[in-house]
Amino acid sequence: IDILVMSNGDDGMLIVYGDDLSVVHYVVQPDSNKSEKKFGVLARHAERIWGGAIPDQPDMLMYSAIYDPLDWAQRSGEALADGAGDIQQPSWDGDSFVALRTYGSYLLAIKKNRIWRVSGTNPGEYYFKEQYGGGTLVENTCVVYNDYMFMLGYDGLMVYDGTAVQEFRRPYVQELMKRVNWAHADKACAAMRGPVYSLALPLDDSEINNAILEYDATEKTFALREGVYASSFLAYADALYYTDSRDNASVPSGRVMRLDDSGNVL
């Protein structure tokens with residue numbers, strides 16, 4: 001049976017079953033003597049589910065047993081390689097994990113101020129290597145495209161190239177970044193529409209995303225769409241869908257919209 005696994009730091013893990021669409025709260029509790037682990041972010045990597053952004057343990061990453069997203073029991077001895085486990089990666093500055101992204105054969109574990117690249121396919125091989133240049137402010141802005149990962153950082157638009165994080169084409173976007181309402185930048189989100197990185201932002205005095213900054217990785221050009229209110233994205237086939245973040249009598253919140261190639265909102 002196909003399942004959809006999702007989680008947040010308040011409710012914990014939820015499982016949606018594909019046969020009857022039932023939703024079950026799954027309690028991740030590797031040790032019966034310890035509290036439930038509630039993941040703020042999830043990723044699938046090397047046939048395991050990884051979880052992070054645990055509210056009371058911000059430096060911890062956990063991984064499930066191999067091939068089983070519902071098995072989080074820790075093992076010992078010969079069963080250790082196939083079982084679940086956890087890793088502590090403290091940075092000693094109060095930072096915490098905010099995003100997990102698969103990057104080729106690696107897993108990127110992202111904090112606000114740094115990134116770790118995780119290699120290996122089983123617990124005996126896992127190796128963490130710190131990547132320099134910073135991390136991301138907002139989990140939903142991290143998007144991997146080919147060998148790059150675009151994201152929103154403290155200094156505006158950032159890019160990770162496999163070795164380090166650096167500012168991305170700052171002269172082209174620095175004036176726009178001055179318009180970002182940083183008090184509500186946690187609502188920013190992004191996705192790829194083909195080769196186009198689409199980043200929804202709250203500009204000026206808006207408390208919701210009201211514009212989309214687009215970077216065409218093929219043409220190496222920027223474009224700005226104002227008056228587009230995207231609170232979440234889904235890239236599917238050759239289209240980019242989004243939920244409308246407005247909520248009023250004429251536009252109910254959550255309405256699904258689509259951006260087409262000509263720039264129209266449908």
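Tutor: Let me begin with a term: buried means under 20% relative accessible area, exposed means over 50%, and partly exposed lies in between, with a 1.4 Å probe and protein chains only. This is a predicted model, in which local features need pLDDT of at least 70 and side-chain atom pairs count only at pLDDT 80 or more, while totals for chains, interfaces and linings use all residues. Residues are numbered from 1 along each chain as its sequence is written, and side-chain values use heavy atoms, with hydrogens and water left out.

Student: Is W50 buried or exposed?

Tutor: W50 is buried, because its relative accessible area is 0%.

Student: And K111, where does that sit?

Tutor: K111 belongs to strand β9, residues 106-111, where strands are DSSP runs of E with at least two residues, numbered from the N terminus. With a relative accessibility of 0%, K111 counts as buried.

Student: What does the side chain of K111 reach, then?

Tutor: There is a polar contact between the side chains of K111 and D59 at 2.6 Å, and the K111 side chain also comes to 3.0 Å from the backbone oxygen of Q89. A polar contact here is a pair of N or O atoms within 3.5 Å; within protein, one must be able to donate a hydrogen and the other to accept it, and residues adjacent in sequence count only if both atoms are side-chain atoms.

Student: Which ring does K111 lie over?

Tutor: K111 lies over the face of F97, 4.8 Å from the ring centre; a charge sits over a ring if NZ of Lys or CZ of Arg is within 6 Å of the ring centre and within 35 degrees of the ring normal. R117 is placed over the face of Y106, at 4.6 Å from the ring centre.

Student: Switching topic, how many aromatic pairs are there?

Tutor: The structure has 14 aromatic pairs, counted when rings of Phe, Tyr and Trp (its six-membered ring) have centres within 6.5 Å, with planes under 30 degrees apart called stacked, over 60 edge-to-face and the rest tilted. One of them is W50 with Y126, edge-to-face at 5.1 Å centre to centre and 70° between the planes.

Student: Why does that pair tie together separate parts?

Tutor: W50 lies in strand β5 and Y126 in the loop between β10 and β11, so the pair ties together parts that are 76 residues apart in sequence. Y126 is buried as well, because its relative accessible area is 13%.

Notes
Helix = DSSP H or I, 4+ residues; strand = E, 2+ residues; numbered from the N terminus.
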